[in-house]
Amino acid sequence: MKGQALDSPLVAEGFGRRYRRTRPWAVRDLSLAVPAGSITALVGANGAGKSTMIRACIGFERPDEGRLLVFGIDPRSDRTKAVNSVAYVPQGASLYRSLTIRDHFDLARGARPSFDSAYAMGRVRAAGLSPDRRISELSGGEGAQVALALALGTRAELLLLDEPLASLDPLARRDFLNALVDDVRGRGATALLSSHIVTDVEQACDRLVVLADGRLVLDAAVAAARAELRTVPASELGGRAAIGTFAGQAGEPLALVRDSSVGRAASLEEIVLGHLAAARSQTREEAA
Amino acid sequence: MTLAAARVTLKQHRFEVGAGFLAALVAGISALVVVYRLNALEVPFSCIDGWLERADGPDGAGPCAALMRPWTSVLYEEGERIFEAMRILPFTVGLLAGVPIVARELEGRTAQTAWSLEGSRVRWLVRQVAPILVLLGVGVGFAAVAMAILDTYKVAVGDPGFLALGLYGPLVIFRAFAAFGAGLMIGALLGRTLPAFVLGAALALALALAVGAVRDRWLWSLPGVPIVTLSADPHAEPQMVPRMLTTDWGYLTPDGRMISNEEGLALVPPEIAANDSPVQPVASDEWLHERGYTLLPLGVSDEMALAWAPYEALIFGLVGSLSIATTIVVVNRRRPT
């Protein structure tokens with residue numbers, strides 16, 4: 001972890017956050033490093049701790065344990081520097097409904113003099129939007145494109161996107177992801193993209209982080225995980241150890257295994273489901 | 001701060017800022033219209049000067065009476081309405097402008113966008129507050145100056161300027177500033193616009209009443225002097241000195257000394273004082289009057305009373321500044337939802 005941390009735009013070291021002492025931890029003991037130049041999907045069920053982790057990166061949440069470093073900066077000790085080095089697309093509608101797209105870019109330029117209005121303007125035009133349209137006139141997908149253009153216009157080297165696809169239709173999701181991938185890959189930036197639906201981010205990400213009940217259950221390169229992990233019907237497991245068992249699309253019991261001699265290559269969704277199932281079993285065992 | 005960003009900030013809050021600016025503008029223009037109408041009546045200053053307390057004043061029938069009747073009607077009917085409006089205008093304008101700045105960002109969930117674009121929330125707050133304060137400062141400042149001009153006419157006619165203190169001049173700006181700061185702080189604490197308006201209005205009212213109470217106590221604590229001139233004719237009505245404020249009552253003894261109200265009443269035998277009503281010591285007054293004691297109003301000059309103005313400016317200035325300082329702390333610590 002320490003060696004990786006030197007190069008990683010985002011590092012979590014034993015990060016934990018609990019909103020109330022009487023409530024369970026939202027995230028606990030999370031250690032990971034997001035490699036530079038990657039698009040990392042942060043996947044987990046609702047309440048798994050994805051938003052908490054992303055919000056902590058920009059100082060919206062304070063760690064109760066451990067720490068998070070953004071380009072080596074702890075947002076607790078220097079929030080201004082940490083925030084100014086990242087771009088953030090929040091969950092849900094967070095744009096000013098009474099303002100136009102152009103107004104948003106003017107605000108961004110006031111906040112960050114390095115904000116590239118021309119680039120952001122180009123992105124919204126490419127999405128078929130006039131900069132003079134009000135946010136209140138836009139659909140959810142168009143609003144998401146504006147939020148993305150606002151983030152990309154900062155030209156930050158690290159983009160944090162918190163469930164940006166949640167309320168979008170399939171076409172809008174595709175447009176959003178295409179725009180994101182074009183930009184991030186084009187300039188070698190890094191992105192951390194959270195979602196609770198893995199198929200949403202499958203086309204875009206090259207790294208996968210899975211959270212369950214606030215704990216890290218998988219942190220791997222997508223290609224490596226795909227090469228290593230297989231799906232087999234649970235009835236054909238034999239004596240092999242399964243990472244986790246889960247129901248297939250037709251309800252058939254499936255198992256995720258680390259054995260290239262059986263079954264078929266696991267899809268990204270199956271990799272996630274297998275690990276989530278394993279985490280659930282572990283939680284039940286601990287509770288018992 | 002770029003002009004474009006300032007423009008967008010004003011656009012975000014255009015309803016509140018526009019309404020506040022317009023209200024201040026209307027008050028200021030109305031005051032100047034009244035001033036214009038008073039001047040248009042072309043009443044000589046010799047008639048206006050100290051008119052209220054003069055022997056040929058409101059109850060007299062001298063040559064000035066016919067000229068002064070329409071003049072005082074404009075001043076005390078139309079002008080007074082504007083003074084009454086100025087009791088609430090600075091507080092309303094301040095709250096209107098201050099409350100939504102942070103509250104609306106939290107309520108509309110846009111704080112997440114704003115605070116992720118601007119690393120320093122203090123700088124963000126300054127960028128939000130500065131253009132609004134400048135614009136409303138101009139509007140409220142204009143109203144304050146116009147009201148100060150109008151008040152000079154009331155002072156000229158014999159009204160103490162102290163009676164309208166806070167409704168004209170720099171204190172108007174300090175009141176608006178206090179309400180602005182308080183509104184900003186409550187908005188940041190509650191994160192909801194409407195409840196913050198309601199609470200802010202209640203607090204502004206409480207603050208105004210509290211400062212008014214402190215002001216009265218301060219005024220009563222000043223050493224009073226008789227504010228009437230006595231005629232040699234014992235049957236003549238005492239003449240009030242213009243631009244004086246009544247703060248207490250006292251007795252002029254038969255040998256020409258002034259004693260306090262309490263000292264005078266202490267001279268009255270208990271069997272007489274027993275007949276006094278709880279509200280007014282009428283029996284005691286009569287007893288003292290029969291023995292040559294004259295009940296006189298005591299008071300202070302307008303100039304003495306106006307010495308309160310810097311204290312009131314300090315109180316409202318402190319409230320505004322401390323509220324803004326608290327807002328900075330709240331904004332810095334707050335989790336945007």
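In the predicted model, three strands of chain A form an open sheet in the order 2-1-4, and their pairing is antiparallel. The edge positions are held by strand 2 (27-34) and strand 4 (65-70) of chain A; each has a single partner strand, so one side of each lacks a neighbour in the sheet. From one strand to the next, the twist averages 15°. Strand 1 (residues 10-17) of chain A is joined to strand 4 of chain A by 5 bridges in the antiparallel sense. Within strand 4 of chain A, Arg67(A) is the bridge partner of Glu13(A). Helix 2 (residues 50-57) of chain A lies across strand 1, strand 2 and strand 4 of chain A, and runs at about 120° to strand 1 of chain A.

Strand 2 of chain A also contains Asp29(A). Although Asp29(A) is not a glycine, its phi is positive, at about 55°. Most residues other than glycine have a negative phi. Asp29(A) has 15 C-beta neighbours inside 10 Å and therefore counts as partly exposed. A positive phi, of about 45°, is also found at Glu163(A), which is not a glycine either. Glu163(A) belongs to the loop between strand 6 and helix 7 of chain A. With 21 C-beta neighbours inside 10 Å, Glu163(A) counts as buried.

As a whole, chain A comprises 10 helices and 13 strands. Its radius of gyration is 20 Å, close to the 19 Å given by the globule rule for 288 residues, so chain A is as compact as a globular protein of that length. Taken along the principal axes, the box filled by the C-alpha atoms of chain A is roughly 65 × 40 × 35 Å. Buried residues make up 50% of the 288 residues of chain A. Among contacts in chain A with a separation of 6 or more, 69% are between residues 24 or more positions apart.

Strand 3 (39-44) of chain A is largely enclosed by the rest of the structure, because 6 of its 6 residues are buried. In a regular strand, side chains alternate between the two faces of the sheet. In strand 3 of chain A, Ile39(A), Ala41(A) and Val43(A) point one way, while Thr40(A), Leu42(A) and Gly44(A) point the other way, and all are buried. Strand 3 of chain A runs parallel to strand 7 of chain A, with 5 bridges joining them.

The residues buried in helix 7 of chain A include Arg173(A), Asp175(A), Phe176(A), Leu177(A), Leu180(A) and Val184(A). An α-helix has 3.6 residues a turn, so residues three or four places apart point the same way. The buried residues of helix 7 of chain A pack against strand 3, helix 6 (140-153), strand 6 (158-162), strand 7 (190-195) and helix 8 (198-201) of chain A. After helix 7 of chain A comes Gly188(A), with a positive phi near 70°.

The contact between the chains involves 25 residues from chain A and 20 residues from chain B. On the side of chain B that touches chain A, two or more residues each come from helix 1 (3-12), helix 5 (111-117) and helix 6 (121-157) of chain B. Helix 1 of chain B gives the most to this side, with 5 residues. The side of chain B that touches chain A consists, by class, of 7 nonpolar, 8 polar and 5 charged residues.

Chain B has an open sheet of 4 strands in the order 1-6-4-5, with antiparallel pairing. Strand 1 (225-226) and strand 5 (258-260) of chain B stand at its edges; each has a single partner strand, so one side of each is left without a neighbour in the sheet. Strand 1 of chain B pairs with strand 6 (residues 294-301) of chain B over 2 bridges in the antiparallel sense. In strand 6 of chain B, Leu298(B) is the bridge partner of Pro226(B).

Key:
Residues are numbered from 1 along each chain as its sequence is written. Chains are lettered from A and ligands numbered from 1 in the order in which they are written. This is a predicted model: local features need pLDDT of at least 70, side-chain atom pairs count only at pLDDT 80 or more; totals for chains, interfaces and linings use all residues. Two strands pair if DSSP finds at least two bridges between them. Axes are lines fitted to C-alpha atoms, for helices over the stretch in contact, and angles run from 0 to 180 degrees between N-to-C directions. Two residues are in contact if their C-beta atoms, placed from the backbone, lie within 7 Å. The radius of gyration is taken over C-alpha atoms; the globule rule is 2.2 Å times the number of residues to the power 0.38. A residue is buried if 20 or more other C-beta atoms lie within 10 Å of its own, exposed if 12 or fewer, and partly exposed in between; C-beta atoms are placed from the backbone. Ala, Val, Leu, Ile, Met, Phe, Trp, Tyr, Cys and Pro count as nonpolar, Asp, Glu, Lys and Arg as charged, and the others, Gly among them, as polar.
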